[in-house]
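Hi everyone, thanks for coming. Let's take a short walk through one model together; please have a look at it first.

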Amino acid sequence: MAIICHLKEHEFVYGKLENVAPGIRRLTARNPSVFTFHGTGTYVIGQGQVAVIDPGPLDSDHIQALIEGLSAETVTHILVTHCHLDHSPAARELKSHTGALTYGFGPHGQMTKGESESVEEGADLDFVPDVRCAHGDVINGLGWRVECVHTPGHTSNHLCFALDNPSALFTGDHIMAWSTTVVIPPDGNMTDYITSLKKLTRRTESTYWPTHGPPLREPLPYVHSLIRHRQERIQQIIQQLTRTPQTVPELVAALYQGLDTRLTGAAGRSTLASLIHLHDLGQVSCDSQPDLNSQFTLTHP
Ligand SMILES: [Zn+2]
């Protein structure tokens, strides 16, 4: 498998709005988990009149620290990369306190309330942005300017935000330095995810600021390693299926040996996402709509 050089060292202090680069501050929420690493990093860009990126979970201490940290300034924009429960719910409270409008691609994509409860990160199905942003849209604030980069895959409504000065890309959960990203169907889509990774290889931002974990400097070699990793995982699935038709749990047992058991569910859903990708290409078939219990067969062994 392609070697991915994850960065796990992360300097931060909970509950403190920290300067992390000129014009960029970050407040880390105390919601650590196997999916959020140390917690949600809420970013603030600008000075005096600022934008908040990913306000975070419904955590009163976090929201209070954010409001107090910005008490001498005006929040003019609330930007949301995607609406998982660790990213968008605090937008409502921040908006009601500041009057700032929320910006995002749109509400969460295909998922019912029942389905969202089975997803580790959980979907915020109530979030609807005031301003819907399309790929390439530019948002101007006082002394800052960001471009919206639509990066579906982790979720269908995922946006990255590109700041021009200093050169930075706020990557949400699309790219994280500490871990690979979960891609959970039906809203998560592996074909879109790989396309969205390739989209970033044509960009020039010199530092990525994921919502979880440390920043990524000179990020393009890392992006290429993520693409290779996904492509190799898909090839491994094809190799497994050349032996015999298999289900998702059988493939996970074969391909993810030694995996932390807390991540087995996510590995299964990412494997299903790869199988749906192959199904859409006509390379695998199954007896019904692809799901975790389907038996997958190579179309041309
Ligand atoms: Zn997410």
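Before we start, contact here means heavy atoms within 4.5 Å, and helices (H or I, at least four residues) and strands (E, at least two) are DSSP runs numbered from the N terminus. This is a predicted model, where local features need pLDDT of at least 70 and side-chain atom pairs count only at pLDDT 80 or more, while totals for chains, interfaces and linings use all residues. Residues are numbered from 1 along each chain as its sequence is written, and side-chain values use heavy atoms, with hydrogens and water left out.

Let's begin with helix H1, residues 60-69. Which of its residues are buried, that is, under 20% relative accessible area with a 1.4 Å probe, protein chains only? They are His62, Ile63, Ala65, Leu66 and Ile67. Their cover includes strands E2 (24-28), E3 (41-45) and E4 (49-53), along with helix H2 (90-98).

Now to another pair of helices. H5 (residues 220-243) and H7 (residues 264-280) pack at an angle of about 80 degrees, their axes 10 Å apart; axes are lines fitted to C-alpha atoms over the stretch in contact, and angles run from 0 to 180 degrees between N-to-C directions. The two are therefore roughly perpendicular, a label for 65 to 115 degrees. From H5, the contact uses Arg230, Ile234, Ile237, Ile238 and Leu241. H7 brings Ser270, Thr271, Ser274, Leu275, His277 and Leu278.

Of its 37 residues, Ile175, Leu241 and Phe296 touch the most other members. H5 gives the most to this core, 8 residues.

Methods:
Buried < 20%, exposed > 50% of the residue type's maximum accessible area, 1.4 Å probe, protein only. Parallel < 35°, antiparallel > 145°, perpendicular 65-115°, else oblique. Core = buried A, V, L, I, M, F, W, Y, C linked by side-chain atoms within 4.5 Å.
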